[in-house]
Each structure stands twice: as structure tokens, then as C-alpha cells.
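Me: I have a chain open on my screen and would like to go through it step by step. Could you help me read it?

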Amino acid sequence: MKKGVQGSNYYADESIEEWRYNPYRRKNRQIADESYKTNKILPFPLHLIVEVSSKCNLKCDFCNREVMTRPEQNMDLETFKKIVREAAENGVYSISMYCLGEPFMNPDLREMIIFAKRMGIPYVDVSTNGTFDMTSALGTGLNEIIVNAYTPSDAVHRYELMCERDDLDHNHTPLIRLQLIDLPQYKERNEKIIKNIEYFDADVVYLKNVEVFSQSLGDKNLSQEEIDKRMKDRKACKQLYFVLTVNSNGDIAYCCHDPKGKSVLGNLKDMTLKEAWDKMAEMRECHLKGVYTELCRSCCDWSW
């Protein structure tokens with residue numbers, strides 16, 4: 001078992017750890033950590049979270065989509081390409097193509113992945129609830145697909161991609177991360193899946209802690225004891241030092257768990273990613289002084 005930043009990783013093959021966290025990826029993490037510790041700001045974020053769709057076909061009771069007021073829409077292909085071009089020009093290491101929606105609801109998803117990889121983004125991943133046909137992600141160069149196994153759909157249908165890839169060269173298919181959420185109501189099912197990781201043909205099973213999105217729901221997913229533990233010795237948010245989020249409508253935000261758009265810095269129509277990144281300087285300074293916005297004040301994931 002490997003301890004992750006937000007949970008625990010279980011590998012079907014322990015050697016996966018070596019190439020999943022390759023020297024390039026580790027170096028970028030070290031750069032981000034050093035920037036955070038020294039307050040030496042990077043010229044551009046190392047990682048982008050791009051919400052290719054804010055639509056979803058499910059209503060999970062622990063997700064802050066319950067209170068989302070942002071537009072539910074698919075990001076258009078040209079907007080995505082604009083993001084990738086600037087990212088590639090500035091040495092972005094990784095792009096996560098998801099946020100508060102289901103990526104496979106965007107009909108341009110396959111073309112988006114291909115474009116990002118051909119433009120030279122080293123690591124691209126997608127997170128899905130697994131209720132859609134995922135085979136469109138094959139042959140795109142996608143590095144990792146996160147299949148969330150805590151949705152109410154029948155588990156068998158989640159593994160279409162995993163079964164499909166049995167006939168392919170595994171060196172050219174994405175790493176499969178089966179993601180479980182660490183809540184009491186899922187404990188029995190989680191333990192069963194972890195025990196039978198080979199059956200699901202997943203490379204990694206990830207037991208994920210409940211994230212900050214619970215604060216938008218009144219922290220109903222966290223006990224007061226857990227909240228107090230996470231808020232002890234509160235410091236500036238680590239994400240402000242290496243991550244930028246772009247919502248499906250082109251809004252650039254400093255927080256990826258923002259269902260109401262309170263962290264929006266501007267829109268791609270009016271500003272570049274670099275301009276948004278520079279604009280975050282004031283937010284970082286406020287955090288260093290212990291001054292937080294309404295969205296940040298009760299956030300439990302500042303150290304992620």
C-alpha cells in the first residue's frame with residue numbers, strides 16, 4: 001500500500017509506482033513544493049484543470065453540484081485549443097480534463113485529448129463516473145483515466161474500457177485508476193474492490209479522502225473532529241502556487257471546487273492564462289497574512 005497526498009494507493013503491480021511518478025513528474029512536484037515553501041512564484045502554473053464539461057448525468061449526494069449555479073455546458077473545441085496552445089508555449093506539465101462535470105458528455109473529448117498530446121503536454125488525464133462508453137479515449141495518447149467507483153450505477157458497466165484494452169498493446173493505453181471515496185457508507189464495497197483489484201483490471205485503486213467540496217454542502221460529509229484536524233495550523237492554499245482552473249464557459253478561476261463561480265479571475269475572451277496567473281498575486285499575499293475570501297475561509301483542503 002502506498003500513501004497518497006489525499007488518500008491511499010493500491011497497485012495491482014508495484015512497479016507501476018516507478019513510471020507513474022517518473023523523475024519528470026517528481027521534479028515538477030518538487031518545484032511546486034519549493035515555490036510554496038519559499039513564496040517564490042513560478043512564471044506560469046505547472047498544472048491546469050480544464051473543465052471540458054460542467055454537465056453531469058448523475059446526482060451524487062456528496063458532490064457540490066447540488067448547489068452549483070454556474071452554467072451547465074460543454075466547453076467548445078476552439079476554447080480548449082486556445083488553452084492548450086498557451087499551456088504548451090509556457091511549459092505546462094499536466095492537464096486534468098475534468099472539474100465539476102462528466103467529460104464524456106462533451107462530444108469533442110477525443111479530439112481534445114489528441115490535440116493536447118500532439119501539442120506536447122506530457123501528462124493528460126480524464127476523470128469519469130464510468131457510465132459512458134470510454135473506448136473513445138483509446139488511441140489518443142491519454143496518460144490516465146480515473147474511473148470513479150462511488151457512483152450509483154452498476155459497477156460492471158464501468159469497466160468497458162478495461163475489458164476493451166485486453167486486445168491492445170498496454171503500452172499505448174491509459175493507466176487505469178479506479179477511484180473510491182472514503183466515506184463510511186462505502187466502506188464495505190471499497191474493501192471488496194481493493195481486495196479484488198486484479199478482477200477489475202485496474203492498475204491503481206485510489207482510496208480518496210473527501211475534499212473541500214463538502215464545505216459547499218455545509219460540511220455534511222465531514223465530522224467536526226475531522227474539520228478541526230484539517231484546519232489546524234492553517235496556512236496559504238497550496239494550489240495558488242502551481243494550479244489554475246478554467247471552467248467550461250471560459251472563466252479562469254483560482255479554485256477547482258467552486259460551484260458558484262466565486263473564485264473567477266476573468267474570462268478567456270478578455271485575458272490570457274498568464275494574466276490570470278499574475279492576477280493571483282494579491283490572493284497569495286492575502287492568504288499569507290491569514291486573510292481569506294468567503295470561499296477560502298472554511299476550506300479544509302488548503303494543504304493539498
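**Strand β7 and its partners**

Reply: Within β7, Ile176 is the bridge partner of Ile145. Helices (H or I, at least four residues) and strands (E, at least two) are DSSP runs, numbered from the N terminus. This is a predicted model, in which local features need pLDDT of at least 70, side-chain atom pairs count only at pLDDT 80 or more, and totals for chains, interfaces and linings use all residues. Residues are numbered from 1 along each chain as its sequence is written, and side-chain values use heavy atoms, with hydrogens and water left out.

Me: In which sense do β6 and β7 pair, and over how many bridges?
Reply: Strand β6 (residues 144-148) pairs with β7 in the parallel sense, over five bridges. Two strands pair if DSSP finds at least two bridges between them.

Me: What about β7 and β8, how many bridges join them?
Reply: Strand β8 (residues 204-208) runs parallel to β7 and is joined to it by five bridges. Val204 in β8 is the bridge partner of Arg177.

Me: How many residues of β7 are buried?
Reply: Seven of the seven residues of β7 (residues 175-181) are buried. Buried means under 20% relative accessible area, exposed over 50%, and partly exposed in between (1.4 Å probe, protein chains only).

Me: Which residues lie on each side of β7?
Reply: Leu175, Arg177, Gln179 and Ile181 are on one side, and Ile176, Leu178 and Leu180 are on the other. In a regular strand the side chains alternate between the two faces of the sheet.

Me: Changing topic: how far apart are the end C-alpha atoms of helix α3?
Reply: They are 18 Å apart, which agrees with the 18 Å that the 13 residues of α3 (residues 77-89) should span at 1.5 Å a residue. The expected span of a helix is 1.5 Å times one less than its number of residues.

Me: What do the buried residues of α3 pack against?
Reply: They pack against β3 (47-50), β4 (94-96), α4 (109-118), β9 and α8 (273-279). Among the buried residues of α3 are Leu77, Phe80 and Val84.

Me: And why is α4 described as largely enclosed?
Reply: Seven of the 10 residues of α4 are buried, so α4 is largely enclosed by the rest of the structure. What covers these buried residues includes α3 and β5 (123-128). After α4 comes Gly120, whose phi is positive, near 100°.

Me: Which residues touch the most other members of the largest nonpolar core?
Reply: Of its 60 residues, these are Leu48, Phe80, Ile95, Met97, Leu244, Tyr254 and Leu273. A nonpolar core is a set of buried Ala, Val, Leu, Ile, Met, Phe, Trp, Tyr and Cys residues joined through side-chain atoms within 4.5 Å. A second, separate core of 10 residues includes Ala32, Ile49, Val243 and Cys256.

Me: How many aromatic pairs are there?
Reply: The structure holds three aromatic pairs. The rings of Tyr36 and Tyr241 have centres 5.3 Å apart and planes at 80°, so this pair is edge-to-face. Rings of Phe, Tyr and Trp (its six-membered ring) pair if their centres lie within 6.5 Å; planes under 30 degrees apart count as stacked, over 60 as edge-to-face and the rest as tilted.

Me: Are Tyr36 and Tyr241 buried or exposed?
Reply: Both Tyr36 and Tyr241 are buried. The two residues are 205 residues apart, with Tyr36 in helix α2 (residues 23-38) and Tyr241 in the loop between α7 (224-231) and β9 (243-246).

Methods
Contact means heavy atoms within 4.5 Å.
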